Amino acid sequence: MRDGKPILAIVGHGRAGKDTAAEFLRDHTTLRFKGGCSFTGCDYVAKKLGLSWHEAWRTRHERRMDWYRILNEYREGDPSRLIRDCLEHSDIVCGLRDRMELTTARKEGLIDLEIGRASCR
């Protein structure tokens with residue numbers, strides 16, 4: 001809990017509507033959501049790919065495996081790093097990369113409630 005609000009993780013397969021669910025919760029509750037883990041990590045990915053932020057974001061679905069690899073590199077040795085970055089601007093985290101990231105976030109007390117399918121890679 002932060003400021004009396006729960007910290008949520010919305011998990012599920014790619015393109016399953018996690019961001020849409022987070023936006024709905026943002027629009028209908030007092031929870032904050034600026035963007036998920038991909039939004040949060042876009043600066044890092046864009047630099048690694050030599051692209052502008054906007055081009056990296058626009059092509060993220062076509063470059064899905066590049067994003068997965070690069071953001072895994074970003075959080076190497078610190079599985080919850082991207083989640084902590086995301087929580088600097090949001091009360092809802094979505095777009096977790098894999099089960100280790102979710103498990104570590106749980107152990108560190110970063111997440112109060114999970115919504116969706118917990119079958120991350």
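**What I am looking at**

I remind myself that this is a predicted model, in which local features need pLDDT of at least 70 and side-chain atom pairs count only at pLDDT 80 or more, while totals for chains, interfaces and linings use all residues. Residues are numbered from 1 along each chain as its sequence is written, and side-chain values use heavy atoms, with hydrogens and water left out.

**Overall form**

I checked the extent of the chain, and its C-alpha trace spans about 40 × 30 × 25 Å along the principal axes. The radius of gyration is 14 Å, which agrees with the value near 14 Å that a compact globule of 121 residues would have; this radius is taken over C-alpha atoms, and the globule rule is 2.2 Å times the number of residues to the power 0.38. Of the 121 residues, 40% count as buried. The accessible surface comes to about 6,800 Å², and 51% of that belongs to carbon and sulfur atoms, the areas coming from the Shrake-Rupley method with a 1.4 Å probe, where for residues only the protein chains shown count as cover. I also looked at contacts, meaning heavy atoms within 4.5 Å: among those in the chain with a separation of 6 or more, 64% are between residues 24 or more positions apart.

**The sheet**

I found six helices and three strands in the chain, and along the sequence they follow the pattern β-α-α-α-α-α-β-α-β; helices (H or I, at least four residues) and strands (E, at least two) are DSSP runs, numbered from the N terminus. The three strands form an open sheet in the order β2-β1-β3, with parallel pairing, where two strands pair if DSSP finds at least two bridges between them. The edge strands are β2 (92–94) and β3 (113–116), each of which pairs on one side only.

How many bridges join β1 to β2? I noted three, with the strands running parallel, whereas β1 (residues 8–11) and β3 pair in the parallel sense over four bridges. Leu 8 stands opposite Ile 92 in β2, and its bridge partner in β3 is Leu 113. Val 11 stands opposite Gly 116 in β3. From β1, Leu 8 and Ile 10 point one way and Ala 9 and Val 11 the other way, yet all are buried.

**Salt bridges**

I noted 11 salt bridges in the structure, each being a side-chain nitrogen of Lys or Arg within 4 Å of a carboxyl oxygen of Asp or Glu. Returning to Arg 106, I found that it forms one with Glu 114, the closest N and O atoms being 2.3 Å apart; Glu 114, with a relative accessible area of 28%, is partly exposed.

Which residue does Arg 32 form a salt bridge with? The partner is Asp 91, and the closest N and O atoms are 3.3 Å apart. This pair links distant parts of the chain, since Arg 32 lies in the loop between α1 (18–28) and α2 (37–49) and Asp 91 in the loop between α5 (81–87) and β2, 59 residues apart. Arg 32 counts as partly exposed at 34% relative accessibility, whereas Asp 91 is buried at 1%. Lys 5 joins Arg 32 and Asp 91 in a network of salt bridges.

I then turned to helix α4 (residues 64–74), where Arg 69 and Asp 66 lie three residues apart, about one turn of the helix. They form a salt bridge whose closest N and O atoms are 3.4 Å apart; Arg 69 is partly exposed at 45% relative accessibility, and Asp 66 is partly exposed at 27%.

**Leu 31**

My last entry concerns Leu 31, which is found in the loop between α1 and α2 and counts as buried because its relative accessibility is 9%. Not counting residues up to four places away in sequence, Leu 31 touches Lys 5, Pro 6, Leu 8, Arg 26, Asp 91 and Ile 92. I also checked Leu 31 against Ala 56, 25 residues apart along the chain, and their C-alpha atoms are separated by 27 Å.

Note on methods
Buried means under 20% relative accessible area, exposed over 50%, partly exposed in between (1.4 Å probe, protein chains only).
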